[in-house]
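Dear colleague,

Please find the structure below, handed over for your use. My findings follow it.

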Amino acid sequence: MHATYITLTVLLAVLFALTGATKALHTTTARKNATHLGISTPLSRLIGIAELAAVIGLLAGIVVTPLATVTAAAICLLMIGAAGSHLKARDSAQAVAPAAITTLAATALLILSLTV
């Protein structure tokens with residue numbers, strides 16, 4: 001089970017490093033997505049910074065398990081917000097799916113962190 005915990009942690013960390021950097025640097029893709037979702041530039045960048053903070057929390061959580069628990073819970077909330085933003089923008093299920101899948105992965109990590 002520890003291997004699953006580490007693997008899921010690293011995969012989520014890589015995902016959030018990529019998406020967080022994109023938003024924090026406010027790339028063209030991030031600008032288009034923010035505009036589509038009706039999110040301001042400062043909020044988009046703040047979300048990116050939160051995602052980068054999640055990377056730190058996830059990786060540090062490998063050593064400090066309670067940090068992994070808190071970070072996984074925060075990711076769940078962040079991804080529920082993302083799914084809600086896509087639903088508000090009337091996006092298709094295909095556009096909502098990444099946030100939903102990431103929520104499930106973070107929930108799995110949350111459960112694993114409570115049992116490690």
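Is R90 buried or exposed? R90 is exposed, with a relative accessible area of 78%; exposed means over 50% relative accessible area, buried under 20%, and partly exposed in between, with a 1.4 Å probe and protein chains only. R90 lies in the loop between α4 and α5, helices being DSSP runs of H or I with at least four residues, numbered from the N terminus. Although R90 is not a glycine, its phi is positive, at about 60 degrees. Most residues other than glycine have a negative phi.

This is a predicted model, in which local features need pLDDT of at least 70, side-chain atom pairs count only at pLDDT 80 or more, and totals for chains, interfaces and linings use all residues. Residues are numbered from 1 along each chain as its sequence is written, and side-chain values use heavy atoms, leaving out hydrogens and water. The mean pLDDT (the predictor's confidence in each residue, from 0 to 100) of the protein chain is 96, and 99% of its residues reach 70 or more. Confidence is highest in α3, at a mean of 97, and lowest in α5, at 95.

A positive phi also occurs at H26, near 50 degrees. H26 is located in the loop between α1 and α2 and counts as buried, at 9% relative accessibility.

Helix α3 covers residues 41–61. Its 21 residues reach 30 Å from first C-alpha to last, close to the 30 Å expected at 1.5 Å a residue; the expected span is 1.5 Å times one less than the number of residues. The buried residues of α3 are S44, G48, E51, A54, V55, G57, L58 and G61. They pack against α1, α2 (28–37), α4 (65–88) and α5 (93–115), where contact means heavy atoms within 4.5 Å.

L59, also in α3, is partly exposed, at 41% relative accessible area. Together with V10, V14 and L18, L59 forms a nonpolar surface patch of about 340 Å² accessible area. Areas come from the Shrake-Rupley method with a 1.4 Å probe, and for residues only the protein chains shown count as cover. Helix α1 (residues 2–24) supplies the largest share of the patch, three residues.

Finally, L104 in helix α5 is exposed, at 61%.

Kind regards

Key:
Patches are made of residues with over 30% relative accessible area and no salt bridge: like charges are joined within 9 Å, nonpolar side chains (Val, Leu, Ile, Met, Phe, Trp, Tyr) within 5 Å. A salt bridge is a side-chain nitrogen of Lys or Arg within 4 Å of a carboxyl oxygen of Asp or Glu. Helices (H or I, at least four residues) and strands (E, at least two) are DSSP runs, numbered from the N terminus.
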